[in-house]
Amino acid sequence: MEKGKVFIALDVADRREALAIVAELKGFGAGWKIGKQLFTQEGPALVKEIVAMGEDVFLDLKYHDIPNTVAQAGLAAAKLGVKLFNVHAAGGRAMMAETRKALDTLPDRPLVLAVTVLTSLSAEDLAEVGYHATPAQQVARFAKLAEEAGMDGVVASPLEIEIIRSVTRPSFKILTPGIRPAGGLKDDQKRIATPAAAIAAGADYLVIGRPVTQAPDRKKAFWEILDEIRNG
Ligand code: C5P
């Protein structure tokens, strides 16, 4: 997948709403992120339906379980034809390594990314669950572990790209949510960057939801973002 690829977060209630967005924005090179809300409502049928349209899908289910369960879930995701899925790095080395080993049996495998520290967690929240590093130290630690365990990259806030790049190889992929066009609303995102700033900082792929899906003119909002990515 090419650097700078944008995944539109389909955080909507059902199939009808999701397909309306896909129909409107199809053809401009975006991929589609299906997360827990839409997947729980519609199941794998909708994933298959969007894949059958020739579209790239990122299945954002953040698997975190014992190694065999996650490896088998990863194979099931691959069978749906998704291009990308993710796991929690906190699931540990064996969970990630077994998942990668299972995927390596496939002729055309999806990329698998690790979620490091959820951006919703503060230093205090981390301490409460027993992580006593700062969020940045913990992100770096998870990124390094994910790389060693065979993950293709990580999901991270745009503000964490620099620290991740300092501990991983240059081809390790970074996908960043928390993207807000210059002058746009922040919604509930706290650690944000503009599309151009995220790419300049070294992001490979971007996830953008509400600034596009809830815009009065979705096409215009998306074109402006693509233009910003291309022209800085
Ligand atoms: O609407 P918005 O652009 O904020 O959507 C961002 C998407 O990325 C949402 O689906 C959200 O769940 C996801 N995400 C995030 N921050 C993370 C991980 C995932 O915003 N750290």
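Trainee: Where is Ile-192 found?

Mentor: Ile-192 is in the loop between E7 and helix H9, the latter covering 195-201. Helices (H or I, at least four residues) and strands (E, at least two) are DSSP runs counted from the N terminus. The model is predicted, with local features needing pLDDT of at least 70 and side-chain atom pairs pLDDT 80 or more, while totals for chains, interfaces and linings use all residues. Residues are numbered from 1 along each chain as its sequence is written, and side-chain values use heavy atoms, leaving out hydrogens and water.

Trainee: Is Ile-192 buried, exposed or partly exposed, and why?

Mentor: Ile-192 counts as partly exposed because its relative accessibility is 26%. Buried is under 20% relative accessible area, exposed is over 50%, and partly exposed is in between (1.4 Å probe, protein chains only).

Trainee: Changing topic to the ligand. Which residues are around the ligand?

Mentor: The list is Ala-9, Asp-11, Lys-33, Thr-119, Pro-177, Arg-180, Gln-189, Val-207, Ile-208, Gly-209, Arg-210 and Pro-211. A residue gets in if one of its heavy atoms lies within 4 Å of the molecule.

Trainee: How do the residues of that shell divide?

Mentor: Five are nonpolar, three polar and four charged. Here Ala, Val, Leu, Ile, Met, Phe, Trp, Tyr, Cys and Pro count as nonpolar, Asp, Glu, Lys and Arg as charged, and the others, Gly among them, as polar.

Trainee: Which elements each supply at least two residues of the shell?

Mentor: Strand E8, residues 205-208, does, and helix H10, residues 210-213, does too.

Trainee: What lies 2.7 Å from an oxygen atom of the ligand on Arg-210? And what about Arg-180 and Lys-33?

Mentor: On Arg-210 it is a backbone N or O atom. Arg-180 uses its side chain, where an N or O atom is 2.7 Å from a ligand oxygen. Lys-33 also uses an N or O atom of its side chain, at 2.8 Å from an oxygen of the ligand.

Trainee: How much of the ligand does the protein bury?

Mentor: The protein buries 83% of the 470 Å² that the ligand exposes when taken alone. Those areas come from the Shrake-Rupley method with a 1.4 Å probe; for residues, only the protein chains shown count as cover.

Trainee: What about Thr-168, buried or exposed?

Mentor: Thr-168 counts as buried, because its relative accessibility is 9%. Its place is the loop between helix H8 (161-167) and strand E7 (173-176). A polar atom of the Thr-168 side chain is 2.8 Å from the backbone oxygen of Ile-164.

Trainee: Lys-62 next. What is its phi?

Mentor: The phi of Lys-62 is near 45 degrees, which is positive although the residue is not glycine. Most residues other than glycine have a negative phi. Lys-62 is in strand E3, residues 57-63, and at 23% relative accessibility Lys-62 counts as partly exposed.

Trainee: Last two. Where are Gly-29 and Leu-106?

Mentor: Gly-29 is in the loop between helix H1 (15-25) and strand E2 (31-35). Gly-29 is partly exposed, with a relative accessible area of 44%, and its C-alpha is 9.9 Å from that of Glu-2, 27 residues apart along the chain. Leu-106 is in the loop between helix H5 (93-103) and strand E5 (111-115). Leu-106 counts as partly exposed at 29% relative accessibility. Leu-106 and Ala-78 are 8.6 Å apart, C-alpha to C-alpha, and 28 residues apart in sequence.

Conventions:
Polar contact = N/O pair within 3.5 Å; in protein donor to acceptor, adjacent residues only side chain to side chain.
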